[in-house]
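Please read the following notes with the model open beside them.

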Amino acid sequence: MTRRPAMFRADPDRVITKLFVPGEENPETRSRAAGVLERVLALSENAVSALLADVLADFSARYRDFSATLERNASIMSHRLVEPDALSRERRLLLGAYFTHEYAIEAAALCNPSMVAHPRQDGMAPGQLRVVLSLRGIGEGHVSSIGFATGVLGPGPTAHWHPRPGPVATAERQQDSWDRAWFRAVLAHDRCDNEITATVLSALPEPFGQADLDHGLAAVHPRLLARTGASATLQRIRELAAGSYTVRFPDDVELAQRVLWPIGRTESHGMEDARFVRFTGQGGATRYLATYTAYDGRTVAPHLLDSADLCSFRVFPLTGPAARNKGMALFPRLVRDRHLALCRGDGETISLATSFDGRNWAGEVPLHGPTAPWELLQVGNCGSPLETPQGWLVITHGVGPMRTYAIGAMLLDLADPTRILAVLPEPLLTPDPLERTGYVPNVVYTCGGLLHDGTLWLPYASSDTRVAVATVPLDRLLARFSAPTG
């Protein structure tokens, strides 16, 4: 492969605002909000004006509508006030500033890129392709979010990458609505299946919203509520429903400014390793799908992003016996009228899973386990398979001595992807001396490339510190494959 210059590095200037409740940084301590409110209310109007002027001067240029953020956070904390509407606007804004803090989404690392064709291809010259790069940003506390960048590939082996301008914007949550049959599968997948969940499900219409769910929870019989674990079940039902949601970015927010930030409880510690694919469904309609790992600080779970335009996103937790670990990657189209995905249920072997609806996954079939010296710790996919006339090109990763990550490849049969046609006899990419140092040393990793104009374009991160792209002519790559061993 030919390495191209590094495109992006972690940028600590990319920041978002978050609600800050002093004292609750540690769950075992009490909130100090009441004391803060009392001290802010005791300030003179002159002090309020001076302090607010400094805050607005220092931070307004970093955000789209900073005053609205302060108003919102002040409103969230105003439940402790006797007459919140009696406050002047300046004092409300200042109050919001005391309950707001910045979070640098890439302060620690930038990694796990995946590449797909951009929704818009207008204005492209022959041989050019506008693309979208998804990026995992990691900030304080190792919390991950999903950001984007854009660029143009071609003509030939050239690429032009656009700057990522500020300010960064998170999406706005939309009103939720759920499918009852899907929710039943989610509860069963979570092993939350008892008389309380059965009672709630029986009371829900099809489809149902938040008000319907609240009504169903309130209708549970008191005798069931008196049983051991009832309160935990009710809380879990709410959390699992909230784990499926829709968010939308304002239309005037550029793609490179958009950041998908964790919302549901199951992803509270991060949205990791998003693998985007432009999926073609029946009838030729296309949309963007991405599997990612939701992490709550203890457990991981595969989730799905579904978007028509990369502006509005619907999020679903995936279910079924094959949706139990990290690293799922979807095929870009149906095969024999079924959705297919690469997965790694045992944590070390690439397997193939199937689904009728793209949400519930089963039928896991092992494909390729740790065999070569550079992959004896574990193997996995590096994004969605790429369709070629010779077969499904699967970019893989392997972990070897000193937890060194390398990138490889294998070829699956187009009609029957359980058949391995060939494997690459050596790694496609290994860390060179300049790529071995960083936040996570000795790692080269990608979450998906694409084929354009006879070339494999592979974005990759090295040591979770810098993102670059490598290329190789597809015919040369296919010529290097050999028959699988064993």
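1. An open sheet of six strands runs in the order β10-β13-β18-β17-β16-β15, with antiparallel pairing. Its edge strands are β10 (172–173) and β15, each of which pairs on one side only. Two bridges join β10 to strand β13 (residues 245–248) in the antiparallel sense, and the bridge partner of Arg-173 in β13 is Val-247. Helices (H or I, at least four residues) and strands (E, at least two) are DSSP runs, numbered from the N terminus, and two strands are said to pair if DSSP finds at least two bridges between them.

2. This is a predicted model, in which local features need pLDDT of at least 70 and side-chain atom pairs count only at pLDDT 80 or more, while totals for chains, interfaces and linings use all residues. Residues are numbered from 1 along each chain as its sequence is written, and side-chain values use heavy atoms, with hydrogens and water left out.

3. Strand β20 (residues 339–343) is mostly covered, with five of its five residues buried (under 20% relative accessible area, where exposed is over 50% and partly exposed lies in between, for a 1.4 Å probe and protein chains only). Both of its faces are covered: His-339, Ala-341 and Cys-343 are buried on one side, and Leu-340 and Leu-342 on the other.

4. The pairing of β20 involves β19 (residues 329–330), antiparallel over two bridges, with Ala-329 opposite Leu-342. Five bridges also join β20 to β21 (residues 350–355), again antiparallel, and there Cys-343 has Ser-351 as its bridge partner. β20 and β21 form a hairpin with six residues between them, and Gly-347 in the turn has a positive phi of about 85 degrees.

5. In helix α4 (residues 89–98) the buried residues are Arg-91, Leu-93, Leu-94, Leu-95 and Gly-96. What covers them includes α1 (33–41), α2 (45–59), α3 (66–77) and β4 (100–104).

6. The largest pocket has a volume of about 1,700 Å³. On a 1 Å grid over the protein atoms alone, a pocket is an open set of points with protein on both sides within 12 Å along at least five of seven lines, a cavity is a set where a 1.4 Å probe fits but cannot get out, and lining residues have an atom within 4 Å of a point. Grid points are joined across faces, edges and corners, and a volume is the space filled by probe spheres set on the points. Of the 42 residues lining this pocket, Ile-16, Thr-17, Lys-18, Leu-19 and Trp-261 lie nearest its centre. α3 gives the most to the lining, with five residues, and the lining divides into 24 nonpolar, eight polar and 10 charged residues. Here Ala, Val, Leu, Ile, Met, Phe, Trp, Tyr, Cys and Pro count as nonpolar, Asp, Glu, Lys and Arg as charged, and the others, Gly among them, as polar.

7. The structure holds two cavities of 30 Å³ or more. The largest cavity, of about 40 Å³, has a lining that includes Asp-273, Arg-275, Tyr-292 and Lys-326; β16 supplies the largest share of that lining, three residues. The second largest cavity holds about 30 Å³ of space, and among its lining residues are Ile-105, Glu-106, Leu-135 and Arg-136. Its lining divides into four nonpolar, three polar and two charged residues.

Methods
Contact = heavy atoms within 4.5 Å.
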